[in-house]
Amino acid sequence: MAFQQGGEWALTDSSVHRKIAESLLGREARPEVKVGDSRFDFLVDGTVVEVKGCSLIQGDIALFPDAPTERGGVRHLRGG
């Protein structure tokens, strides 16, 4: 679920990132919103929100994307 590299922790279970975001966003956030052919993590005040995390740490910097995918990249930006 998590690992430590140097003095920093990284979550490896991507479902945890969404749960953390949900607890921070509160009741205003509507989860799992479909827009076109895409599904986004949340809708907050009319804005779609996609939650991302990373598990690649170099030195004291967490990097994203550590595992690029089509779904996590261009497709959402194009709205489809």
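**Labels and the values behind them**

Analyst: The accessible surface of the chain is about 5,800 Å², and carbon and sulfur atoms account for 53% of that surface. The model is a predicted one.

User: What makes up the secondary structure of the chain, and what pattern does the chain follow along the sequence?

Analyst: There are two helices and seven strands. Their order along the sequence is β-β-α-β-β-β-β-β-α.

User: How do you know that β3 and β4 pair?

Analyst: Two strands pair if at least two bridges are found between them. Strand β3 (residues 29-35) and strand β4 (residues 38-44) have six bridges in the antiparallel sense, so they meet the cut-off of at least two. Within this pair, Pro-31 is opposite Phe-42 of β4. The hairpin has two residues between the strands, and Gly-36 in the hairpin has a positive phi near 60°.

User: Why is Asp-45 called exposed?

Analyst: Exposed means over 50% relative accessible area. Asp-45 has 70% relative accessibility, so Asp-45 counts as exposed. Asp-45 lies in the loop between β4 and β5 (47-49).

User: Why is Glu-32 called partly exposed?

Analyst: Buried means under 20%, exposed means over 50%, and partly exposed is in between. The relative accessible area of Glu-32 is 37%, so Glu-32 is partly exposed. Glu-32 belongs to strand β3.

User: What is the phi of Glu-32, and what is the phi of Asp-45?

Analyst: Glu-32 is not a glycine, yet its phi is positive, at about 50°. Asp-45 is likewise a residue other than glycine with a positive phi, near 50°. Most residues other than glycine have a negative phi.

User: Which residues make up the largest nonpolar core, and what makes a set of residues a nonpolar core?

Analyst: The largest one has five residues: Ala-21, Ala-29, Phe-42, Val-44 and Val-51. A set counts as a nonpolar core if its residues are of the nonpolar kinds listed for it, among them Ala, Val and Phe, are buried, and are joined through side-chain atoms within 4.5 Å. Buried residues make up 18% of the 80 residues in the chain.

User: Which residues is Val-44 in contact with, leaving aside its neighbours within four places in sequence?

Analyst: They are Leu-25, Glu-28, Ala-29 and Val-49. Contact here means heavy atoms within 4.5 Å. For the chain, 28% of the contacts between residues at least 6 apart in sequence join residues at least 24 apart.

Definitions and conventions
Residues numbered from 1 in each chain as written. Heavy atoms only, no water. Helix = DSSP H or I, 4+ residues; strand = E, 2+ residues; numbered from the N terminus. Buried < 20%, exposed > 50% of the residue type's maximum accessible area, 1.4 Å probe, protein only. Areas by Shrake-Rupley, 256 points an atom, 1.4 Å probe, with all protein chains shown as cover.
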